[in-house]
Amino acid sequence: MRFVLLLLFSIAVALVTGFGLSYYALTDGRLFGAAQIGAWVSWPDLGSDAPNPYTRGHLTREAALQLGRAEGLQFLATTDTAGEPLDLSCTYTLSGHVPVSSFWTLVAVDSAGQNLAAPGTDLAMRSSQVARDNSGAMTIHVGKSLSPGNWLELAGSGPFSLELTLYDTTAFSGFGSGNDTMPTITRGDCA
C-alpha cells in the first residue's frame, strides 16, 4: 500500500511539474528560447526557418505575423529596469543605446495589443526622428505628461508594454558582442 501511494504521489508531482513548465514555456518562457537584456525580452528564433519547440509554441499561442530573421527583431518590455510593471499613471525615461539597425520603431500597447499613442500624435517613435547626444545615446520620455526633447505621448490608463522593433539588425547575430545593449527604462513621477 505504501508503495502504491508513493508511486501515485510521484506521478502527481511529475504531471504538475510537466504541465507547469509547459505552461510557463508557452506564456512567458524566458528560460526557454527567449533572450532578455535588462527589461527587454525578445524571441530571436521567431523568424527563423526552424525555430526551437518552445519558440514554435510561443508563436502559435501569440498567433501574430512575425518578421523574418533577416528583416528584423522585436523586443518587448512589460516592466521598468527595476522590475516594476509599466503603468500609464507614471512617466518613464528610456536612455542609452539601441543595437545597430537600419531603422527602429518604439510603440506602447495595452494588453490587447492596441496602440496607446495619444490622439493626433504619431503612432510610433521612429529612429529617424530621435535627437541624440554626442555619444549617440538617446533619451526618450514616455507617458501622458508633457516632457522636453524626445517624447512618446500616451493616452489611457492601466498597465502597458513597450515594443521596440529593430529592422535589419545585427543584434544576436554573434557579430560585435558589444552591440547587444538596450536602453534602460526608469520610472519617473506617478499620478
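User: What is the accessible surface of the chain, and what share of this surface belongs to carbon and sulfur atoms?
Analyst: The accessible surface comes to about 11,000 Å², with areas taken from the Shrake-Rupley method with a 1.4 Å probe and, for residues, only the protein chains shown counting as cover. This is a predicted model, in which local features need pLDDT of at least 70 and side-chain atom pairs count only at pLDDT 80 or more, whereas totals for chains, interfaces and linings use all residues. Residues are numbered from 1 along each chain as its sequence is written, and side-chain values use heavy atoms, with hydrogens and water left out. Of the accessible surface of the chain, the share that belongs to carbon and sulfur atoms is 59%.

User: In what order do the elements of the chain run from the N terminus on?
Analyst: Helices (H or I, at least four residues) and strands (E, at least two) are DSSP runs, numbered from the N terminus. The chain has 2 helices and 10 strands, and from the N terminus on its elements run α-β-β-α-β-β-β-β-β-β-β-β.

User: What percentage of the residues in the chain are buried?
Analyst: A residue is called buried under 20% relative accessible area, exposed over 50% and partly exposed in between, with a 1.4 Å probe and protein chains only. Among the 191 residues of the chain, the buried share is 35%.

User: What share of the contacts with a separation of 6 or more comes from residues 24 or more positions apart?
Analyst: Contact means heavy atoms within 4.5 Å. For the contacts in the chain with a separation of 6 or more, the share from residues 24 or more positions apart is 67%.

User: What is the order of the strands in the open sheet of 4 strands, and which are the edge strands?
Analyst: Two strands are taken to pair if DSSP finds at least two bridges between them. The open sheet has the order 8-7-4-10, with mixed pairing, and its neighbouring strands are turned by 20 degrees against each other on average, direction ignored; the axes are lines fitted to C-alpha atoms, for helices over the stretch in contact, and angles run from 0 to 180 degrees between N-to-C directions. The edge strands, each of which pairs on one side only, are strand 8 and strand 10.

User: Which residues stand opposite Leu 94 in strand 7 and in strand 10?
Analyst: Strand 4 and strand 7 (residues 138–143) run antiparallel and are joined by 5 bridges, and 5 bridges likewise join strand 4 to strand 10, again antiparallel. In strand 7, Gly 96 has Met 138 opposite. For Leu 94, the residue opposite in strand 7 is Ile 140, and the bridge partner in strand 10 is Ile 185.

User: Which cysteines form the disulfide, and how far apart are their sulfur atoms?
Analyst: With a disulfide taken as a pair of cysteine sulfur atoms within 2.5 Å, a search of the whole structure finds 1. Its members are Cys 90 in strand 4 and Cys 190 in strand 10, which are 100 residues apart, so that the pair links distant parts of the chain. Cys 90 is buried at 4% relative accessibility, whereas Cys 190 is partly exposed at 41%. The sulfur atoms of Cys 90 and Cys 190 are separated by 1.9 Å.

User: Why is the disulfide of Cys 90 and Cys 190 assigned its handedness, and which is it?
Analyst: A disulfide is a covalent bond between the sulfur atoms of two cysteines. Because the torsion about the S-S bond of Cys 90 and Cys 190 is about 105 degrees, the disulfide is right-handed.

User: What kind of aromatic pair do Tyr 92 and Phe 160 form?
Analyst: Rings of Phe, Tyr and Trp (its six-membered ring) pair if their centres lie within 6.5 Å, and planes under 30 degrees apart count as stacked, over 60 as edge-to-face and the rest as tilted; by this rule the count comes to 2 pairs. Tyr 92 lies in strand 4 (residues 90–96) and Phe 160 in the loop between strand 8 and strand 9, so the pair ties together parts that are 68 residues apart in sequence. Tyr 92 is buried at 2% relative accessibility, and Phe 160 is buried at 4%. At 5.9 Å centre to centre and 65 degrees between the planes, the pair is edge-to-face.

User: What kind of aromatic pair do Phe 103 and Tyr 167 form?
Analyst: Phe 103 belongs to strand 5 (residues 101–109) and Tyr 167 to strand 9, so the pair ties together parts that are 64 residues apart in sequence. Phe 103 is partly exposed at 29% relative accessibility, and Tyr 167 is partly exposed at 29%. With 6.1 Å centre to centre and 35 degrees between the planes, the pair is tilted.

User: Leaving aside its neighbours within four places in sequence, which residues is Ser 102 in contact with?
Analyst: Ser 102 has its place in strand 5 and counts as exposed at 54% relative accessibility. Its C-alpha atom is 7.7 Å from that of Leu 166, which is 64 residues away along the chain. Leaving aside neighbours within four places in sequence, the residues in contact with Ser 102 are Tyr 167 and Asp 168.
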